[in-house]
Amino acid sequence: MASALPKDGKLVCCDVSEEWTDIACRYWKEAGILQRIELHLAPALETLDGLLRGDGAGSFDFAFIDADKSNYDAYYEACLDLLRTGGVVALDNMLWGGEVADPDVHDRDTDALRALNAKIRDDKRVDACLMTVGDGVMVARKRA
Ligand SMILES: C[S@@+](CC[C@H](N)C(=O)[O-])C[C@H]1O[C@@H](n2cnc3c(N)ncnc32)[C@H](O)[C@@H]1O
């Protein structure tokens with residue numbers, strides 16, 4: 001994503017793992033894109049809240065959600081606020097290995113993802129499509 005940005009573009013990354021993002025930083029540097037990436041090491045909800053108070057609503061073009069599944073709905077709401085009209089949010093793992101389609105599976109993550117799939121399907125604020133690539137990527141475009 002950072003490689004596809006224009007020179008003055010910025011990718012804001014949220015994570016809580018210093019260990020894993022240290023590895024990422026090594027490769028961002030090697031790829032020459034470190035200066036386009038702003039890493040926030042904190043629970044993503046805190047970072048997103050800070051971005052809403054700072055850059056403000058409507059200030060982002062794109063968001064990609066791929067962290068703890070039980071918070072996906074809260075991330076979706078925060079990202080939708082941060083996106084401009086026409087902006088796109090993508091959510092990974094929305095098929096969850098097929099478990100969301102199995103009515104017998106009930107655990108915190110599966111229930112959260114199943115409910116969010118249904119919510120986005122009916123969400124009039126977006127045009128959305130669940131792509132059956134990998135583990136399922138939901139792509140939702142913010143409407144006017
Ligand atoms: C499946 S990995 C995806 C990482 C990245 N999107 C990628 O493709 O390389 C999930 C990441 O979510 C992070 N994570 C888990 N809970 C989080 C939270 N509450 N806030 C921010 N990041 C979190 C983990 O540390 C982990 O790096």
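1. Let's start with aspartate 123: leaving aside residues up to four places away in sequence, aspartate 123 touches Tyr76 and Leu80 (contact means heavy atoms within 4.5 Å). With Tyr76 there is also a polar contact of 2.8 Å between the two side chains. A polar contact is a pair of N or O atoms within 3.5 Å; within protein, one must be able to donate a hydrogen and the other to accept it, and residues adjacent in sequence count only if both atoms are side-chain atoms.

2. Before going on, keep in mind that this is a predicted model, where local features need pLDDT of at least 70, side-chain atom pairs count only at pLDDT 80 or more, and totals for chains, interfaces and linings use all residues. Residues are numbered from 1 along each chain as its sequence is written, and side-chain values use heavy atoms, with hydrogens and water left out.

3. Is aspartate 123 buried or exposed? Aspartate 123 counts as buried because its relative accessibility is 10% (buried is under 20% relative accessible area, exposed over 50%, partly exposed in between, with a 1.4 Å probe and protein chains only).

4. Now for the ligand. There are 13 residues around the ligand, and Asp15, Ala44, Asp66, Asp68 and Tyr75 come nearest (a residue is near if one of its heavy atoms lies within 4 Å).

5. Which atoms pair up here? A polar side-chain atom of aspartate 15 is 2.5 Å from a ligand oxygen atom. Alanine 44 uses a polar backbone atom, 2.9 Å from a nitrogen atom of the ligand, while aspartate 68 has a polar side-chain atom 3.3 Å from a ligand nitrogen atom.
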